[in-house]
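Trainee: I would like a close look at a single part of this structure. Could you take me through the surroundings of the ligand, and then show me how the rest of the chain is laid out?

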Amino acid sequence: MAQAFFGGVHPNDMKAATNEKAIEQLAPPAEVVIPMSMHFGAPCTPLVKAGDLVKVGQKIGEFRGLGAPIHASVSGKVKAVEPRPYSMGGNMMSVVIENDFQDTVSEEVQAPADPNALSVEEMIEIVKQAGIVGMGGATFPTHVKISGGIGKVDNVLINGAECEPYITGDHRTMLERPEEIIGGCKYLAKMFGVDKVTIGVEDNKQNGIDAMNKVIAEQNAPVEVVPLHCRYPQGGEKQLCQALTGKQVPPGGLPSNIGCAVFNINTTCAIYRAITTGMPVVNKIVTVSGSGVVEPKNLECPIGTPVSCLFDACGGLKDGTYKLVAGGPMMGMAQYTAEVPVGKGTGAMLAFCENEEQTVENPQCIRCGKCVAACPVHLEPLFMYQYAEKGMVDELNEAHIMDCMECGACAYACPARMHLTQMFKTGKQLVKDKAAADKAAAEAKKAAEEKKEA
Ligand code: SF4
Ligand code: SF4
């Protein structure tokens, strides 16, 4: 068993509701709403307008700078290009497509004649044009991670930890599509020029580990599966690096600083599909679960499917459902409507009933220190909370609040139920606002001095 990372917590995994249910294909929705930002970086520019006909896999959004293109997930007619509600908050420019239910595939989708004869540059270009991003939720453009890591990375790691409670999409993928995972690993090994790819999997997925090991043995693939003790947030990039290599990413650094690159299980499958079939990212596996869902399931659906369709396919929501969360319960975002669409980073949609509401009004810190012990990045959450509450920006910087990855482990461990993670989001915004204000003031001062001299 691999060594562990510092801190962390061990919440009840709540995975039993879906981990034995095969991935089901959702009945195609009548309409998809495809946001022009499903990646880390600036939003894409729409390439289509209302009235255009589109096909599956056709590029409908182009990126500039850091980003990834976006493709139509169904064939049909563009109904509108307009801002729509978005799971990351607010509204986002979106392409609304009326499904013609023909599933006509675009001529742009072309499988390479011989995928195994492709050069590294050609494979990276395919990954780029396929719009592949971190499918575990980080949504960082995969082509950038690969091209930026070549020559620096000697540990290619696949994140199969799936440590967030409730979520089982990666586990089901290991059981049902191990060939795609191992195939994607082989292409990653070729791109990075490494002898071996390592998949880290928490040991509550032993049958998933067995399924992948069987394929590795059959194909004699340069891939190793390493079981990990269950501990949240093992699936954090930096924690996985430490658990699998024993090396720690420095504060403010990236896995590439210690020679590592980390890819999610379903990102690896997307790489395999793009290189072998030419099909870009048009579908997503979503775990629909929680006490408010009548029949929890794992569903595969076109990108842009309204989450209300997912809940309908699971028998609907129970009376008394008070909260919807996009993502896991530790890091997910509460939603005010079920009309937000599934994006490339949507791994779960959870609904909770009122009897699970445990919020405490005006909680008081009892200085027990449990939050400090739980923090995987060695921060002191109890002090950061006070600084953020009082708007003490310099102290927040000194407490390294920008290293907080908002994992929620401290909030989970806190017996007083302090609203720690929420306060850290506010604190980080205060630090960013102050940095922007300082920069603007320095530029104004410089401009004034230059004017004076002239
Ligand atoms: S939310 Fe931030 S402060 Fe709390 S445990 Fe996670 S990294 Fe540490
Ligand atoms: S765990 Fe909660 S109560 Fe204990 S020191 Fe941290 S913030 Fe205070």
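Mentor: Here is the ligand site, followed by the helices and sheets of the chain. Keep in mind that this is a predicted model.

Start at ligand 1. It is surrounded by 15 residues. The closest are C375, C404, C407, A409 and C410.

Helix 10 runs over residues 381-390. Its buried residues are P381, L382, M384, Y385, Y387 and A388. A residue counts as buried if 20 or more other C-beta atoms lie within 10 Å of its own. What covers these buried residues? The cover includes helix 9 (370-374), helix 11 (393-398), helix 12 and helix 13. Just after helix 10 comes G391, with a positive phi of about 70 degrees.

Compare helix 7, residues 265-277. Helix 7 has 13 residues. From first C-alpha to last, helix 7 reaches 18 Å, close to the 18 Å expected at 1.5 Å a residue. Of its 13 residues, 11 are buried, so helix 7 is largely enclosed by the rest of the structure. The buried ones are I265, N266, T267, T268, C269, A270, I271, Y272, R273, A274 and I275. An α-helix has 3.6 residues a turn, so residues three or four places apart point the same way. After helix 7 comes G278, where phi is positive, near 85 degrees.

Six of them form an open sheet, in the order 1-14-13-17-15-16, with mixed pairing. Strand 1 (24-25) and strand 16 (333-335) stand at the edges. Each has a single partner strand, so one side of each is left without a neighbour in the sheet. Within this sheet, strand 13 (residues 283-289) pairs with strand 14 (residues 297-302). The pairing is antiparallel, over six bridges. To place it by eye, find N283, which stands opposite P302 in strand 14.

Strand 8, residues 91-99, has antiparallel pairings with strand 2, residues 31-35, and with strand 7, residues 76-85. Strand 2 joins strand 8 over five bridges. There, V33 has V96 as its bridge partner. Strand 7 joins strand 8 over nine bridges. In that pairing, V81 stands opposite V95. Strand 7 and strand 8 make a hairpin, with five residues between the strands. In the hairpin, G89 takes a positive phi near 110 degrees.

Last, step back to the chain. It contains 13 helices and 17 strands. Its C-alpha atoms fill a box of roughly 65 × 60 × 55 Å along the principal axes. The chain has a radius of gyration of 22 Å, which agrees with the value near 22 Å for a compact globule of 454 residues. Of the residues, 49% count as buried. Take contacts between residues at least 6 apart in sequence: 73% of these join residues at least 24 apart.

Methods
Residues are numbered from 1 along each chain as its sequence is written. Chains are lettered from A and ligands numbered from 1 in the order in which they are written. This is a predicted model: local features need pLDDT of at least 70, side-chain atom pairs count only at pLDDT 80 or more; totals for chains, interfaces and linings use all residues. Helices (H or I, at least four residues) and strands (E, at least two) are DSSP runs, numbered from the N terminus. The expected span of a helix is 1.5 Å times one less than its number of residues. A residue is buried if 20 or more other C-beta atoms lie within 10 Å of its own, exposed if 12 or fewer, and partly exposed in between; C-beta atoms are placed from the backbone. A residue is near a molecule or strand if its C-beta atom, placed from the backbone, lies within 6 Å of it. The radius of gyration is taken over C-alpha atoms; the globule rule is 2.2 Å times the number of residues to the power 0.38. Two residues are in contact if their C-beta atoms, placed from the backbone, lie within 7 Å. Two strands pair if DSSP finds at least two bridges between them.
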